[in-house]
Amino acid sequence: MLGLLPLFGSAQQSPSQNKEKYRPEIHFTPESKWMNDPNGMVYYKGKYHLFYQYYPDGTIWGPMHWAHATSKDLVHWDRLPVALYPDSLGLIFSGSAVVDSLNTSGFGKDGKSPLVAIFTHHNMKGEQAKRIDFQNQSIAYSLDEGNTWTKYSGNPVLKNPGIVDFRDPKVSWFPEQKKWIMTLATKDRITFYSSLNLKEWRKESEFGEALGAHGGVWECPDLFPLSLNGKQYYVLLISINPGAPNGGSGTQYFIGSFDGNKFTPLQKETRWIDYGTDNYAGVTWSNTGSRKLFIGWMNNWIYANQVPTEAWRGATTLPRELKLYSDKNGISLRTEPAKELALLEKTTVNLPKHVTGSVKILNKTPLTGPYKLQLQTDRMSSFALTLSNNALNKLIVGYDKASDRFYIDRRAAGDNAFNKEFAKVHYAPRISKSKTINLTVYVDVASVELFADDGLSVMTDVFFPEQPLGLISINSPAAFKLKEFKYTPLKSIW
Ligand code: FRU
């Protein structure tokens, strides 16, 4: 066993309203009440806008609004008043927002470009009356940088053709044909629509009825270009609930081409953006140029309404950047923590590199704040990082060489009595064929995010410990040396 290191500084003080039990310190949460999917993510005039599914009157899912927050750096957030309220056409379900810089919609005024939000109106009365056409797409615009919104008098702009699940429009500009493309979840497939003015839409094509995972309904899609070695590809994200690899909600993806009419995938097999159970309904920001920035809802519909937080329920994942990667298995999506997270870093400390059995890195004075761990092996060996506390809660993040899988074991990580599906071990296949493994792990008060092999295998899991998991040890069945092992305490975002 190696010596203990006196490494850990004191946690930054945060305003008291962000200090409740389980309150994340480096993740966005609403100050109070329920949140689910991120919506309307658009970058405009130096600010990242984040709208999200919100129920202002309760901490369980209820009549949906779009709440609003903005950030100048993707990391620190200002919580703003609710942007869109339910109306006679229905509740405000998920959707997207764009900057209409050519004023195709005509909503612009005095040279000001409108921000246009495209969302699903969900009509509760229609649902209760067992109609099938209760979800329709509508728009709203803002001429004051997202502060206030006016719903279009001609709503809905895309009427339901008789499909019960007809929702979550993600709209983007298709420059080659100077038109808008709407990527819409339509039950068990994606339907693409196009428009010249965001008000009139025509159907282009469908994708996926016979491809991908179909263990549940398709929701919250996204379609965006990404380049690799000078060639452009299109990535299609599709959230599905249930049917994710470790149960419940998850997000699959396809890489292919898109010609303004049709998406053609390069591969047939199902791939997942994140193998943890707590990254759902994630999509990318619009208007960020070639950088594709992603955030998801850090939760799972299996237990989202039961997680043991009190003032609020729901959080986002850390902001991430999506990139392409190619090897002999073809082209894959990889996910990096957004580089802006470096703004939170305190001084990095090197940790002991010899792993001989179980090595306690820290077991006297637990860390009190969030932190990042980075590790690189010198060869392939099984290993496990145990993050624990003096209340005997422990979370294990590891790699198992025999099955070539990463895993997160949250069975003993704290309160798990609220849902019998919660206390489980989750697995992610290793995608990389490299002879060494690198891991970056972000640990917050109630979540862990694992980016393995430069983000080719990703896992996001929430957990609810009695105290922060501020004790760290690493163990392995065989002695080996790490090329790199370091720890960086992180400042709270609040
Ligand atoms: C996904 C989802 C969306 C829907 C929204 C309702 O989590 O079910 O399909 O628009 O949540 O809040």
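**View 1. Classes of residue in the shell around the ligand.** By class, six nonpolar residues, three polar residues and four charged residues make up the shell around the ligand. The model shown here is predicted. In total, 13 residues surround the ligand. The closest are Asp37, Gln53, Arg167, Asp168 and Trp301.

**View 2. Polar side chains at the ligand.** Asp168 places a polar side-chain atom 2.6 Å from an oxygen atom of the ligand. Asp37 has an N or O atom in its side chain 2.7 Å from a ligand oxygen. For Trp61, an N or O atom of the side chain is 3.0 Å from an oxygen atom of the ligand. The ligand on its own has 320 Å² of accessible area, and the protein covers 95% of this.

View 3. The bond from Asn155 to Pro156 is cis. Its omega is near -5 degrees. Pro156 belongs to the loop between strand 8 (150-151) and strand 9.

**View 4. The loop residue Asn229.** Asn229 is not a glycine, yet its phi is positive, at about 50 degrees. The residue lies in the loop between strand 13 and strand 14.

View 5. From Asn241 to Pro242 the peptide bond is cis, with omega near -10 degrees. Pro242 is in the loop between strand 14 (231-241) and strand 15 (250-258).

**View 6. The protein chain as the setting for the close-ups.** The secondary structure of the chain comes to one helix and 35 strands. Along the principal axes, the C-alpha atoms fill a box of roughly 70 × 50 × 45 Å. How does the radius of gyration of the protein chain, 22 Å, compare with that of a compact globule of 494 residues? The two agree, because such a globule would have a radius of gyration near 23 Å.

Terms used
Residues numbered from 1 in each chain as written. Predicted model: local features only at pLDDT ≥ 70, side-chain atom pairs only at ≥ 80, totals over all residues. Heavy atoms only, no water. Near = heavy atom within 4 Å. Polar contact = N/O pair within 3.5 Å; in protein donor to acceptor, adjacent residues only side chain to side chain. Areas by Shrake-Rupley, 256 points an atom, 1.4 Å probe, with all protein chains shown as cover. Nonpolar A, V, L, I, M, F, W, Y, C, P; charged D, E, K, R; others polar. Helix = DSSP H or I, 4+ residues; strand = E, 2+ residues; numbered from the N terminus. Rg over C-alpha atoms; globule rule 2.2 N^0.38 Å.
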